[in-house]
Amino acid sequence: MTFKAIKKRDGKIEKFEKGKITNAIWEAAQAVGGTNKDKSKKLADECVNRLEEELDDDEIPTVEQLQDMVERTLVENGHYKTGKAYI
């Protein structure tokens, strides 16, 4: 299953775009000297996969759930500086 939508903070439902996660991780990584954009994509994939495992099949993830998963994934993969920059 791949998410098709995400619930924004204002309650609106929008199209889910994994590329936005990759870009956010990449920007945070660059802010702390990171140079591997491919790693950002792999970490984004892992975030989405892990969140999909946690949620019910018909559940729409919230921005907060996704952000928490990104932070957790970065820290658990040893990317503390990137995680701090992401926050």
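This is a predicted model: local features need pLDDT of at least 70, side-chain atom pairs count only at pLDDT 80 or more; totals for chains, interfaces and linings use all residues.
**View 1. Helix H3 along its length.** Helix H3 covers residues 63-76, a run of 14 residues. From the first C-alpha of H3 to the last, the span is 20 Å, close to the 20 Å expected at 1.5 Å a residue. After H3 comes Gly78, which has a positive phi, near 85°.

**View 2. The buried face of helix H3.** Six residue labels matter here: Val63, Leu66, Met69, Val70, Thr73 and Leu74 are buried in H3. Looking down the axis of H3, these buried residues fall within an arc of 130°, so they line one face of the helix. An α-helix has 3.6 residues a turn, so residues three or four places apart point the same way.

**View 3. The largest pocket.** The volume of the largest pocket is about 270 Å³. The pocket is lined by 14 residues, of which Ile6, Lys8, Lys20, Ile21 and Leu66 are the closest to its centre. Leu66 is also among the buried residues of H3.

**View 4. The lining of the largest pocket by element and residue type.** Strand S2 (13-15), H1 and H3 each give at least two residues to the lining of the largest pocket. H3 supplies the largest share, with 4 residues. By type, the lining residues comprise 8 nonpolar, 5 charged and 1 polar.

Note on methods:
Residues are numbered from 1 along each chain as its sequence is written. Side-chain values use heavy atoms; hydrogens and water are left out. The expected span of a helix is 1.5 Å times one less than its number of residues. Buried means under 20% relative accessible area, exposed over 50%, partly exposed in between (1.4 Å probe, protein chains only). The arc is that of the directions from the helix axis to the C-beta atoms. On a 1 Å grid over the protein atoms alone, a cavity is a set of points where a 1.4 Å probe fits but cannot get out, and a pocket is an open set with protein on both sides within 12 Å along at least five of seven lines; lining residues have an atom within 4 Å of a point. Grid points are joined across faces, edges and corners, and a volume is the space filled by probe spheres set on the points. Ala, Val, Leu, Ile, Met, Phe, Trp, Tyr, Cys and Pro count as nonpolar, Asp, Glu, Lys and Arg as charged, and the others, Gly among them, as polar.
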